[in-house]
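Subject: Structure handover

Hello,

I am passing on the structure we spoke about. Please open it alongside this message and follow along.

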Amino acid sequence: MFDPYEIRKDFPILNRRVKGKPLIYFDNAATSQKPIQVIEAIRNYYMYYNSNVHRGVHTLSQEASQLYEDAHDYVAKFIGARSFREIVFVKNATEAINLVAYSLGLHEFGEGDEVLVTLMDHHSNIVPWNIVSEVKGFKVKYVNITGDGRIDMDDLYSKLSSNTRIVCVPHVSNVLGTINDVKLIAKAAHEVGAYILVDGAQSVPHLPIDVRGFDIDFLAFSGHKMLGPMGIGVLYGKEEILSDMEPFLGGGDMISSVSARAREGFNIIYNALPWKFEAGTPNVAGAIGLMEAIKYLERLGMDNVRRYEEELVRYTIEKLGGLDGVEFYGPRDPSLRCGVVAFNVEGLGGHETASLLDDYGIMVRSGHHCAQPLHEFFRINNSARVSYYIYNLREEIDVFIEALKEIVVMTSEL
Ligand SMILES: Cc1ncc(COP(=O)(O)O)c(C=O)c1O
């Protein structure tokens with residue numbers, strides 16, 4: 001197991017104070033902090049290698065292209081993909097999902113078809129499908145969740161049919177922390193001939209991932225939630241599926257040739273994978289930062305990351321369970337969830353709770369966390385949410401629980 005106190009030395013921001021108190025950063029599901037190794041890798045790139053990629057024979061362009069391609073290889077190995085050809089760099093998880101909704105949904109789905117999403121999905125796995133369905137006339141159906149915050153598998157099985165074209169699920173809920181059995185869901189989707197798209201925004205940073213073992217068709221995730229910089233994300237897709245898909249964006253680098261002389265308008269041959277899906281100048285520095293983030297996580301070991309966070313969430317649930325006036329959501333069994341806990345203090349809105357915690361130097365997210373259907377299900381408007389990462393400590397959770405106790409007392413006296 002790694003030593004979180006040693007890890008903290010790599011994160012300069014954790015030395016900050018907020019409102020006179022040591023910073024406690026519990027908003028990792030929104031974005032993680034960045035270690036000095038990632039910051040240095042980005043700085044190094046701009047200081048010594050900066051050049052456009054895939055466009056020049058000169059030394060700098062060759063070196064930048066090599067680093068950019070290496071980053072694809074690193075990501076492929078990290079998630080168990082067969083090759084870099086299955087790794088498309090995009091802006092973030094949101095863009096990765098939009099890519100599938102447009103390249104697949106817009107071109108291949110139509111009236112009579114159905115897309116399944118779940119009530120625990122983030123808006124980024126719901127809205128793109130609704131937008132494209134408006135154009136193509138397919139139906140978007142919502143799979144229910146259970147009262148303790150798991151996907152209702154009976155409902156999923158009952159909604160799957162030969163009309164289902166794709167099943168879209170979050171691997172880990174960004175509100176409940178629930179870890180979904182994507183291998184089982186993939187099997188069910190494939191049995192009716194549907195694709196499966198897994199939103200890995202909250203799982204890839206925290207769990208060992210094996211896209212081949214899970215047998216999933218697509219996986220979307222963001223670099224900034226896993227120690228990497230903002231502006232870089234990944235779409236994994238099985239090579240045979242990506243090969244047959246239409247491009248998402250058109251422009252430079254995603255073609256192998258364009259001719260205006262063809263008899264019927266333009267004649268365009270698309271580039272090989274993954275470049276067919278990477279139009280225009282990419283985020284080279286972001287890719288290099290992500291590669292460094294992956295090296296960092298691999299040094300710790302993803303099994304250890306998972307084990308460490310499970311202990312943090314176990315401790316949190318134990319403590320929260322004993323607090324009157326606080327309600328929290330999701331499975332009670334910590335082995336079923338990642339380090340994300342959404343909660344509400346009786347008599348307070350999520351934002352009020354978060355701003356009171358801010359006075360203690362504790363950063364938590366509040367609102368609907370881009371998961372309004374989930375909040376509707378629990379009949380609440382919003383919630384506050386703590387979310388952990390490798391540098392968080394049990395002592396920080398103690399500070400948080402003590403602060404929460406004071407907030408509960410304060411609120412009951414109002
Ligand atoms: C489950 C889930 N999916 C998708 C996203 C979207 O990520 P991004 O904003 O980086 O595209 C988030 C962000 O919080 C998330 O939690």
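Predicted model: local features only at pLDDT ≥ 70, side-chain atom pairs only at ≥ 80, totals over all residues.

The model has an open sheet of seven strands with mixed pairing, and the strand order is β4-β10-β9-β8-β7-β5-β6. Its edge strands are β4 (87–90) and β6 (139–143), each of which pairs on one side only. On average, neighbouring strands in this sheet are turned by 20 degrees against each other, with direction ignored.

In general, the strands of a sheet pair through backbone hydrogen bonds, either parallel or antiparallel. Here β9 and β10 run antiparallel and are joined by five bridges. Within this part of the sheet, S222 stands opposite G233 in β10.

The crossing is right-handed. On the α4 side the contact is made by I97, N98, A101, Y102, G105 and L106, and on the α5 side by P128, W129, V132, V135 and K136. Sorted by class, the residues of this contact are eight nonpolar, two polar and one charged.

Helices α11 and α14

From α11 the contact takes in L312, Y315, T316 and K319, and from α14 it takes in R394, I397 and I401. These residues divide into four nonpolar, one polar and two charged.

Backbone points to check

Most residues other than glycine have a negative phi, and most peptide bonds are trans. The following places depart from that.

D215 has a positive phi, near 55 degrees, and is not a glycine. This residue lies in the loop between α8 (211–214) and β9 (218–222). D215 has 15 other C-beta atoms within 10 Å, so D215 is partly exposed.

L227 also has a positive phi, near 80 degrees, in a residue other than glycine. Its place is the loop between β9 and β10 (233–237). Is L227 buried or exposed? L227 counts as buried, because 28 C-beta neighbours lie inside 10 Å and 20 or more are needed for that.

The peptide bond that joins L273 and P274 is cis, with omega about 0 degrees. P274 is located in the loop between β12 (267–270) and α10 (284–300).

E191 belongs to helix α7 (residues 182–191). E191 has 10 C-beta neighbours inside 10 Å and therefore counts as exposed. From E191 to A354 the separation is 163 residues in sequence and 44 Å in space, taken from C-alpha to C-alpha.

Regards

Technical notes. Residues numbered from 1 in each chain as written. Helix = DSSP H or I, 4+ residues; strand = E, 2+ residues; numbered from the N terminus. Buried ≥ 20, exposed ≤ 12 C-beta atoms within 10 Å, placed from the backbone. Contact = placed C-beta atoms within 7 Å. Nonpolar A, V, L, I, M, F, W, Y, C, P; charged D, E, K, R; others polar. Pairing = 2+ DSSP bridges. Axes fitted to C-alpha atoms, helices over the stretch in contact; angles between N-to-C directions. Left-handed = near helix turned anticlockwise from the far one by under 90°.
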